[in-house]
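Let's take a friendly walk through this structure together. Have the sequence and the 3D view open as you read.

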Amino acid sequence: MASHPDVTIIGSGIIGLTSAYFLAKAGVSVAVYDRGDLGREASWAGAGIIPPGNPDRAATPADKLRGLGSLRFPELSAELRDLTGIDNGYRRCGGIEFLAHEDEGVPDVWRAEGISFERLSLSAAKRLEPLGDVQGEPHLLPGCAQVRNPWHLRALIAACEKSGVRLHRDTGVEAWEFKGDRVSAVRLANGDRVTANRYLLAAGAWSESLLRPLGHSPHVHPVRGQIALLKGRSCSRVLMLGKRYIVPRGDGLTLIGSTEEPEAGFEKVTTPEGVSELLAFARKTVPVLADAVLETSWAGLRPGSPDGLPFIGSVPGWGDVFVAAGHFRAGVQLSLGTAQAITELLTGVPTYVDLDAFAVDRKPQASAKSAFRS
Ligand SMILES: Cc1cc2nc3c(=O)[nH]c(=O)nc-3n(C[C@H](O)[C@H](O)[C@H](O)COP(=O)(O)OP(=O)(O)OC[C@H]3O[C@@H](n4cnc5c(N)ncnc54)[C@H](O)[C@@H]3O)c2cc1C
């Protein structure tokens, strides 16, 4: 493979790696650089909830990205397993979403997309799951799925390697080098220069510092999320209550998430208060979890954006620089849709989704409200 690849990707999270794999499948030569180990930031830390969706009937570009993820995750999971032998743990376990008063219009969005759901009475919900004290109106979502993030990333890394993508760990990108209105190279932390025909910035919560020298400050910022992992009896479906959720892994492990702490900046640590809050939520929602053992806890830095929507597309003013960052709470479910759009853009095919909604220089969309929070 050429040492001067067609595309150099900065960042090996789920967005960078899925894009790398899709581009390689389209015949593009790709190199990926990460300043740490591969895939170990927000993408490793996430809960892996993949809500249902339908790209053909989605009302907004973001719903379209989600719908594509929902539709294609089973196919991609099977493909990765065949290629690498690694099972990413994808399964359609179903979920129950407890809608609050302010979620009033959400069932209409689901109905318009043709998402299968059923409004349950509280007693019907309690017959399905060992629920305790829960607020909101329970809605059964049989199409809700989950993936084991670390397994999925291992599968993506192996698939990239098998597809000829050059992966570079512990090799951070420090700066751009310019020639006129083009980037001529990137400078690495070790002092090396790397050239490519095009560059894709997919550095998650750290993307802002590489966008600024390009004249853009869209305010991609870290939003810490903590997760507690319990072992013991649990529920069988994903339970979603506002910003909190319970994700039973099906092997005795249950993930409890998550806090949302923009004020923590880049401090990727758990706190006693954060973990206690999650444990209290778990015990209140599913009382049998009071007997479960706390196995471990961790924190990750979601790449936040002012309106919660990602930035995907070309970077204005620079013919050879592209971005895919700021996926906030939804980078796993949006990863396939993002990678497909990026691949279309970089191979000169009309994109299946209108990327104006994700432009780096857009005005934050005040009305951007998702039908799922994950
Ligand atoms: C607790 C938690 C729970 C979540 N749950 C869900 C969920 O259930 N469903 C869902 O869809 N989403 C979920 N998310 C959100 C999702 O995980 C993120 O949106 C997604 O992982 C973002 O992916 P990314 O590739 O953009 O960023 P990251 O995974 O953070 O990857 C960015 C990479 O860029 C690298 N990098 C940074 N700077 C440089 C540089 N200068 N040079 C080279 N490399 C660099 C970093 O080392 C990192 O590996 C959750 C997130 C968290 C934290």
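The paragraphs below start with the ligand and then turn to aromatic rings and the charges over them.

Please keep in mind that this is a predicted model. Which residues come nearest to it? Of the 38 residues around the ligand, the nearest are Asp34, Ser43, Ile49, Phe328 and Gln333. Sorted by class, the shell around the ligand is made of 18 nonpolar, 15 polar and five charged residues.

Now look at the backbone of Gly331, Val332 and Gln333. A polar backbone atom of Gly331 sits 3.0 Å from an oxygen atom of the ligand. For Val332, a backbone N or O atom is likewise 3.0 Å from a ligand oxygen atom, and for Gln333 a polar backbone atom lies 2.9 Å from an oxygen atom of the ligand. How much of the ligand does the protein bury? Taken alone, the ligand exposes 1000 Å², and the protein buries 98% of that. The largest share, three residues, comes from E17.

Next come the aromatic rings. A pair of such rings is described by the distance of the centres and the angle of the planes. The structure holds six aromatic pairs. One of them joins Phe73 and Tyr90, with 6.0 Å from centre to centre and 5° between the planes, and this pair is stacked. It links distant parts of the chain: Phe73 belongs to helix H3 (residues 61-84), while Tyr90 lies 17 residues apart from it, in the loop between H3 and strand E4 (95-99). Both Phe73 and Tyr90 are buried.

Why does the pair of Phe178 and Trp318 count as tilted? The ring centres of Phe178 and Trp318 are 5.0 Å apart and their planes meet at 35°, so the pair is tilted; the stacked class needs planes under 30 degrees apart. This pair, too, links distant parts of the chain, with Phe178 in strand E9 (residues 173-179) and Trp318 in the loop between strand E18 (311-314) and strand E19 (321-325), 140 residues apart. Phe178 has a relative accessible area of 39%, so it is partly exposed. Trp318 is at 15% relative accessibility and therefore counts as buried.

Finally, look for charged side chains over rings. Lys25 lies over the face of Phe22, 5.6 Å from the ring centre. Arg40 lies over the face of Trp44, at 3.8 Å from the ring centre.

Methods
Residues numbered from 1 in each chain as written. Predicted model: local features only at pLDDT ≥ 70, side-chain atom pairs only at ≥ 80, totals over all residues. Heavy atoms only, no water. Phe/Tyr/Trp six-rings, centres within 6.5 Å; stacked < 30°, edge-to-face > 60°. Helix = DSSP H or I, 4+ residues; strand = E, 2+ residues; numbered from the N terminus. Buried < 20%, exposed > 50% of the residue type's maximum accessible area, 1.4 Å probe, protein only. Lys NZ or Arg CZ within 6 Å of the ring centre and 35° of its normal. Near = heavy atom within 4 Å. Polar contact = N/O pair within 3.5 Å; in protein donor to acceptor, adjacent residues only side chain to side chain. Areas by Shrake-Rupley, 256 points an atom, 1.4 Å probe, with all protein chains shown as cover. Nonpolar A, V, L, I, M, F, W, Y, C, P; charged D, E, K, R; others polar.
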